[in-house]
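Here is a short report on side-chain contacts. Take a look at the sequence and the structure before reading on.

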Amino acid sequence: MTPDRRQFRDTSHYLAAVASEVAYPLLRASGRVYARRPASPARTWRRGVILGSGHIGDVLYRTCSLDHLARELPECRWSYVTTPEGAEILRGNPAVDEVLPLIRETATDFASPSAVEQLRDRDFDVALCTDNIEHHRTLWLATRLGVPNRVAFVRKGFSGLATIPVGTPRASWPAQIRSMVNVVTGVVDSSPLRPRIHLTGPDVAAARREWQSLALPAASLTIAVSLTSRQQLGVFPVSLFAGILRHTLALQPDARIVLCGSAADSAQLHAMADTVGPRAEVRAGTVGLRVFAAFLSLCDAFLGADSGPRHLANAAGIPVFFVRNLAVPEIEAGAYCETEIDLAPAGQYMSDAAAIRLLESVDEQSAARALVTAATLTRSRKRESPGL
């Protein structure tokens, strides 16, 4: 198989993928040596593992397809290997039998030797290698574990290690995961691509306490804002968000702007609050991920970077206005829920400088007008159906 050049930012990674395809026979033989038993049909699987990035957003958009996976392969029990943060997102998800917080996104080798031993002892029948970008690391991990059925995207090379190869469609990242699950189950899932997070009563109660503690008086609209991103690539100039928020308050002077983030984001969020004015307040590191998800459902809209909070807001079902990461493929990082709007102009694989220049063309007033309109509609629906 020839790697898809469009999947790569630079020539060096593309050439490495091509080299992996030249080594296809060797990789194929290696996979057979490691495997504990021959590959088998999906309906015979009893123990499966889901491997992939443990970033919050990555875990969330995988949840769009977990219900379908569990429903169509009911005899298979699924383990999900992720980070501690990912485990928080997955807690209580009925489609997953166990969540194993064993990987470290900041490490060069994201699975430690002890983690590999723990996973090998479980003797999995199948591994879904769901990484869209660094797909080789989960594919190689599944091979080392001796998993006989290895499902993986192969347009970036290393297809010799996959026993069930999956093409990478030109689609959003959540849609790509959906395509993998469709291949595995043999059944097409047409349900909406919306992340699922299963909140508890205490999560919701804590979110309501956070809501009631907001310093500003009751507002006509409440806009949650997240400025920061943990992504290593891409740039999200805060000046763009500041401009949109100033226009938002010009249109809706009694709106409430809640600037959200971790404790490490506090200084940047307070600087933005000073820029926006007295209708903005900061919530930095005051609640955990699950409570924050419940808090977002109380808001009327979300504005922010292409980061974990964007996907949490999608799970909450509120309108989401975000700036796509311009350093990655446009279609992959773009909108995937019907309730979200990508504010970034067309462009991909851009340097930070080029991305900043392009984002200067965003019409901040039009963006603010669309944000206020969507938030007003959400608030109206909440009044009509208080249980939402």
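## Arg37 and its partner

Arg37 counts as partly exposed, because its relative accessibility is 29%. This value, like the others here, comes from a predicted model. Arg37 forms a salt bridge with Asp125, and the closest N and O atoms are 2.7 Å apart. Arg37 sits in the loop between helix 2 and strand 1 (47–51). Asp125 sits in the loop between helix 6 (113–120) and strand 4 (126–129). The pair therefore ties together parts that are 88 residues apart in sequence.

Asp125 has 9% relative accessibility, so Asp125 counts as buried.

## A second bridge and a network

Asp125 also meets Arg47 in a salt bridge, at 3.7 Å from N to O. Arg47 lies in strand 1 and Asp125 in the loop between helix 6 and strand 4, so this pair ties together parts 78 residues apart in sequence. Arg47 counts as partly exposed, at 34% relative accessibility.

Salt bridges with shared partners build one network. Its members are Arg36, Arg37, Arg47, Asp123 and Asp125.

## A bridge between distant loops

The model has 21 salt bridges in its count. One of them joins the side chains of Glu338 and Arg194, at 3.1 Å from N to O. This pair links distant parts of the chain, 144 residues apart. Glu338 is in the loop between helix 14 (330–333) and strand 12 (340–342). Arg194 is in the loop between helix 8 (173–185) and helix 9 (201–212).

How buried or exposed are Glu338 and Arg194? Glu338 counts as exposed, at 62% relative accessibility. Arg194 counts as buried, at 18%. The cut-off for buried is under 20%, and for exposed it is over 50%.

## Aromatic rings

The count of aromatic pairs is two. Tyr34 and Trp140 form an edge-to-face pair. Their centres are 5.6 Å apart, with 85° between the planes. Tyr34 lies in helix 2 (residues 24–34) and Trp140 in helix 7 (residues 135–144). The pair therefore ties together parts 106 residues apart in sequence.

## Arginines over rings

Which residue lies over the face of Trp211? Arg256 does, at 4.8 Å from the ring centre. Arg310 lies over the face of Phe322, at 3.7 Å from the ring centre.

Notes: Residues numbered from 1 in each chain as written. Predicted model: local features only at pLDDT ≥ 70, side-chain atom pairs only at ≥ 80, totals over all residues. Heavy atoms only, no water. Phe/Tyr/Trp six-rings, centres within 6.5 Å; stacked < 30°, edge-to-face > 60°. Helix = DSSP H or I, 4+ residues; strand = E, 2+ residues; numbered from the N terminus. Lys NZ or Arg CZ within 6 Å of the ring centre and 35° of its normal. Salt bridge = Lys/Arg side-chain N within 4 Å of Asp/Glu carboxyl O. Buried < 20%, exposed > 50% of the residue type's maximum accessible area, 1.4 Å probe, protein only.
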